[in-house]
There are 4 protein chains.
Amino acid sequence: MIDAAPSSAPGRIRLGMVGGGRDAFIGAVHRIAARLDDRFALVAGCFSADPAKSRASGAELGLDPSRVYDDFEAMARREARLKDGVEAVAIVTPNHMHLAPARAFLRRGVHVICDKPLTATLAEARRLVALAEKSHALFVLTHNYTGYPMVRQARAMVAAGALGPLRVVQAEYAQDWLTEPLEATGQKQAAWRTDPARAGLGGATGDIGTHAANLACFVTGQAIESLSAELHSFVPGRALDDNAHAMLRFSGGAKGMLWCSQVAPGCENGLRLRVYGEKGGLEWAQENPNLLRFAPFGEPPRLITRGGHGAGPEAARLTRIPPGHPEGYLEGFANLYAEAARAIAARRDGRAPEPDVLFPDVRDGLAGVAFVDACVRSSRRGGVWVGLARA
Amino acid sequence: MIDAAPSSAPGRIRLGMVGGGRDAFIGAVHRIAARLDDRFALVAGCFSADPAKSRASGAELGLDPSRVYDDFEAMARREARLKDGVEAVAIVTPNHMHLAPARAFLRRGVHVICDKPLTATLAEARRLVALAEKSHALFVLTHNYTGYPMVRQARAMVAAGALGPLRVVQAEYAQDWLTEPLEATGQKQAAWRTDPARAGLGGATGDIGTHAANLACFVTGQAIESLSAELHSFVPGRALDDNAHAMLRFSGGAKGMLWCSQVAPGCENGLRLRVYGEKGGLEWAQENPNLLRFAPFGEPPRLITRGGHGAGPEAARLTRIPPGHPEGYLEGFANLYAEAARAIAARRDGRAPEPDVLFPDVRDGLAGVAFVDACVRSSRRGGVWVGLARA
Amino acid sequence: MIDAAPSSAPGRIRLGMVGGGRDAFIGAVHRIAARLDDRFALVAGCFSADPAKSRASGAELGLDPSRVYDDFEAMARREARLKDGVEAVAIVTPNHMHLAPARAFLRRGVHVICDKPLTATLAEARRLVALAEKSHALFVLTHNYTGYPMVRQARAMVAAGALGPLRVVQAEYAQDWLTEPLEATGQKQAAWRTDPARAGLGGATGDIGTHAANLACFVTGQAIESLSAELHSFVPGRALDDNAHAMLRFSGGAKGMLWCSQVAPGCENGLRLRVYGEKGGLEWAQENPNLLRFAPFGEPPRLITRGGHGAGPEAARLTRIPPGHPEGYLEGFANLYAEAARAIAARRDGRAPEPDVLFPDVRDGLAGVAFVDACVRSSRRGGVWVGLARA
Amino acid sequence: MIDAAPSSAPGRIRLGMVGGGRDAFIGAVHRIAARLDDRFALVAGCFSADPAKSRASGAELGLDPSRVYDDFEAMARREARLKDGVEAVAIVTPNHMHLAPARAFLRRGVHVICDKPLTATLAEARRLVALAEKSHALFVLTHNYTGYPMVRQARAMVAAGALGPLRVVQAEYAQDWLTEPLEATGQKQAAWRTDPARAGLGGATGDIGTHAANLACFVTGQAIESLSAELHSFVPGRALDDNAHAMLRFSGGAKGMLWCSQVAPGCENGLRLRVYGEKGGLEWAQENPNLLRFAPFGEPPRLITRGGHGAGPEAARLTRIPPGHPEGYLEGFANLYAEAARAIAARRDGRAPEPDVLFPDVRDGLAGVAFVDACVRSSRRGGVWVGLARA
């Protein structure tokens, strides 16, 4: 069980934020996630490219005005000189604005907790890998679904061989919020996510397809080696894909399919993973995340619940409340912050992190961007199989 | 509502059967389906290529021994001469043995009710189309899932525009019974279904992929024009595919994915269809067939049940009992026999069938074989997009 | 597996029917159930108290007009004298018309398959018990839910101690079709079911409460000894209860609750049973009858499916098709006919029935009427605990 | 949408806590709930009757040691004199220890946020009502399930007449954690909850039955006027009930049933409410709290989701993230803290709270204790109907 805030106030990690001003969705989520277990204290931020908006957001959050910045470079520079400057920074800007702030903080040894996808382009992603691997600071990518206890459970079961060698992977992430041209109304979330300049090459593929791909890799322990894809932009005038179909080949021999859509009416956040091996199958769905269906071949399927009978230490470690009391998206997100806190605490103390600390990192981010890149390349070339780029 | 046996005993259609002896699975299903609404009377059969077995099966079924045959040619010949010879024949043999008996009966004007897939090869399928279209007899292909009331409901809703122009189709049919090499144990069902000589080019694709493809086409009213596929034979030594992934392009502009598998532990008969258009989405699953989930975009999803509020005449026409009392696989199968009975009765009476009579026919069968053929061709050529063959 | 019609045509049991003319619901269900496995042949009937209607119904069913009767006494008399007279009769009239025809056939040694509840009054029920126990003929009461394979599975698991000593039983049966005064429209089913003269003392309690009570007793192997109940007639002017609440004490020490309702909007045929013992719990619901949820205490819950892994011989014996292909209400109903057929066949052959033949009988019918009687008595006396009447 | 921490750091409400030291379950939940939206700052506490444990807990939480107390009286006294003393206190002790600390803080004008049930006895509950109503401070009772957005939605729909006049209420709360005598192992949660000295008259009835009863009243807007109950202590030697059955009569004419159990294997936190009126029905279950099933009579049931189409302002107001991203128990709990924060902020500002601020209060707490009291009285007297005590 997560023991909220054992090292508490004096020990809270000083956190900054880039992006996440008023109207932002994911910035507020990061703040709640950071706060949930009381291991971080938000002390500084550059919340918007618009200085007035940044300051207003900082004021609303109760920050010391001297630590609310107009630009992230200034923030990185000054915070690095402060005795109690930020130890970590959450980067929650649109995709094309991940690389620059990440560089500014990484080079100053500030740990980076960055939203996904890693970057808007493959070239940027490669640069960020190089930067992060050169830096002494940690790089945490918030593929938040990996924080769900039952996703951890699934990964542990696959790793322990409960499914035998894997054969088939079915991943999907379906939404409906872009069924109509919402971006034309000026809705901020829709606007940047459908804009190639800010989102990058991928629309649905980048925004949610990367989550599905990451989840599949996280649970199976296999990388996607090649794929064949078809991308669609169903809404007239939309520049990026709003639906994509892909067939996948994994490094360990598994074969898969992946569907992501933002135009599937009746689907809210239908992220779902099914994995089948020689000895058993697993099913998990984000909309009911406390449940894992496990079917050992030749036996009745079992319902493993978060905190319930049959859940192992990997799930138990990231749970706060008893089974049957649902934990949700925010708790799963907070689990990545809890993992980051453990890793950061180990750095502080000059020791190796506990061996079970686990979070997606910059290489996972590169894999995600390579997934989008491959989808786009395959689709443009009529669905041929293409390999995924590597660093 | 189906009014069982309104024209009863004197009017029962005289039915023969080819195949379906002891141990057969689908033969028994056809017999129950034919019997359920009391519109058919089984009066003759050639139940096995093994004469002793055919006779034993006939005796068990209480048939007059003079109408139990050693070979289907003899049966067709003699029954055609009898005053009360069979009016229709159910062909329930393995795939490679559909064409010959169908020809024998069609050419004598006996209606054919044939199991799917239509034939083992594309060439045979084309020949059968020609034969059936030349014959005065009816040809009914038992893609039985089209008999489920809520599948009819879904088709009617799509046709009425409740979903708007279609964009995305997700079809799947997952089983687990061939996870291990069951055919090696001599189990009869597994043996012929994994044998290219009897099953044809397709394994899972032919046995269940054709069902998923047919269901997608039946509900959407669109044909599959081209596809890109990867077929897998996960069980060592298996000659045919036991899992397949495909991306689809439909004649009306919809894009789709199709997964079929016989090696997915925990899946029994997981046939599932999801269809999304500009205005709404539909979901249906065979394992809970009395329910159709309909999500008009911008409104809460609705649960339409067989016989319940919101179900239209197309569903009501094929339902026997009140909502909440589940109907299942046998009732759905029987619905095709009920449709066949209406069409045959119209022929008897020399009138056109009622305009709402609807069942899969020989052209649907050809489309299914073309689907398998295209899957195999695409997979062999590395997943390129290929067009589906036509008559 | 049910091997449909192994003893077939010459061996089919000659069945008569009392009630079940045009517009009747349950008569048609009995006919399908009798036909499904081809062990019965309907050869005679008195389908209505209205002779014209009886004859029209008989004609529609294709019966020999000489065996369609104007009254059941005449039918019983004449059929008993025929060489090929009915061996069994299905009684599908309203509740107040069960006793008289049952008596007419029982006393002539014709087996009776009678719909529930047994009778309209306790006095009648006692008389019928005496008659049935004196007769050499069999008496089968169609508490059809006991025919579902997974209900058999549940009963077998309880009997085998899989749940340990039982503690808690939760039974419910909720519908919504009488939410409004449907009887005022002349709808036939509603009219007689809400009429004390035809239905007896109980409305919802008699029509569906008896099913829930019977199911609870069938699965637990315990009788209801006493109860405390409150009956409601929510629809103004309705003479019988349309909703009832009861607390139960079982003979084996279990405690229970029972809810039945015909005025619960959104409920179709929500019959549901949950049983909890010292070692485990079971849940089953009629609307998804192929599934049994079994939770051994301290382990993850298991999903046992009809025909699937974990299902035992009691379920397997009454299943026709593979797991994942749903069987429904009609198949469950047919299972009671299949059981009756085995018992009747044993009588024919002068041997004891197979030891696993199992169906509700006249004593179960008495228990049902006693349940209604106790509910009414308790409710009238302000909810005091009352014992159930015995024979 | 909850706008986390708009009035932030300088404006955070200074919170103290009584109880909730190491090993406590609910104390940690309250702390997370208070922290989630950043409107409270925990600044003082008396975490245990054991001073060493209290201090250790305070240190772990990072509190100033001078504000960690050995006893709550001293805490109340001193904090009341501090310029920046606590404005509100969370009382999270066992039931018998609610009254005394509540009194200590209420009389000093400190707002009280108290866990349920209100007190261990009816006499205490009445005293606390008098105290709270005399005090200028607020009293918030954490019947946390009333904080779930879809519970708010349900209440609003009932109030707006979407169901018409109510007829039937089915409430249940089933767990299995006390299936065996866990209290004998010394497990702390089990020990006090099964101990009459600390828990009061009710076991399951007090611990979870009060939640089910409160939920039923909250949603229906009706009080329980009388009930008939049977309480059971299935585990040998257990002094309090671990299972209870009750029939209910509500003030507005609805009739209900309530089941609570701690010995139902396979149930985790199965709190479930179903409400039926003349025009429609609603169903909600805590284990999948983001969903509300609404069945208007005569139309297909609708699935209303938190944040989704069909959810109204009462739900929207208490939601943080988009539909399909599940919120859970902690968010629901936090919603009561958010409501409390709004009420407290209004007091600070000397204005009336916003009219939509809503939380359970001391009168709801009295109703809960009266429910337990009535259950015990009825059960002891053989299940007679008894009225619920009032203030």
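**Notebook: domains and chain contacts**

I started with the domain assignment of chain A, which gives domain 1 (13–144 + 358–362) and domain 2 (148–321 + 364–380). I note that this is a predicted model.

**Entry 1: between the domains of chain A**

I took the domain centres over C-alpha atoms. Those of domain 1 and domain 2 of chain A are 25 Å apart.

I then looked up the contact. In chain A, 29 residues of domain 1 touch 24 residues of domain 2. The two domains of chain A bury about 2,100 Å² between them, with 56% of that on carbon and sulfur atoms. I asked which three residues of domain 1 supply more of its buried area than any other three. They are L122(A), H143(A) and L358(A), with 27% of what domain 1 buries against domain 2 of chain A.

Next I checked the polar side. I found two salt bridges across the interface of domain 1 and domain 2 of chain A. I also looked at K116(A) and D207(A), whose side chains form a salt bridge at 3.6 Å, N to O. Between the two domains of chain A I count eleven residue pairs in polar contact, both at pLDDT 80 or more. On the side of domain 1 that touches domain 2, helix α6 (residues 122–134) of chain A gives the largest share, four residues. That side of domain 1 of chain A has 15 nonpolar, seven polar and seven charged residues.

**Entry 2: how the chains are related**

I laid chain B on chain A. A turn of 180° with a shift of 0.0 Å along the axis does it, at an RMSD of 0.0 Å. This is the relation of a two-fold axis. In chain B, V384(B) has the C-alpha nearest the axis, 3.1 Å from it.

I asked why the copies can be said to meet through the same surface. The reason is that 100% of the interface residues of chain B are also interface residues in chain A.

**Entry 3: between chain B and chain A**

The contact takes 42 residues from each of chain B and chain A. The chains bury about 3,500 Å² between them, and carbon and sulfur atoms give 62% of it. R167(B), P265(B) and F297(B) supply 20% of the area chain B buries against chain A, more than any other three residues.

I count four salt bridges between chain B and chain A. I looked up E230(A) and R249(B): their side chains meet in a salt bridge at 2.5 Å, N to O.

Elements giving two or more residues to chain B's side include β6 (166–174), β7 (224–232) and β8 (243–250) of chain B. β8(B) gives the most, six residues. By class, I list 18 nonpolar, 13 polar and eleven charged residues on the side of chain B that touches chain A.

Notes. Residues are numbered from 1 along each chain as its sequence is written. Chains are lettered from A and ligands numbered from 1 in the order in which they are written. This is a predicted model: local features need pLDDT of at least 70, side-chain atom pairs count only at pLDDT 80 or more; totals for chains, interfaces and linings use all residues. Side-chain values use heavy atoms; hydrogens and water are left out. Domain bounds come from an automatic or database domain assignment. Contact means heavy atoms within 4.5 Å. Buried area is the accessible area (1.4 Å probe) that two parts lose on being put together, summed over both. A polar contact is a pair of N or O atoms within 3.5 Å; within protein, one must be able to donate a hydrogen and the other to accept it, and residues adjacent in sequence count only if both atoms are side-chain atoms. Ala, Val, Leu, Ile, Met, Phe, Trp, Tyr, Cys and Pro count as nonpolar, Asp, Glu, Lys and Arg as charged, and the others, Gly among them, as polar. Copies are superposed by least squares on the C-alpha atoms of residues with pLDDT of at least 70 in both.
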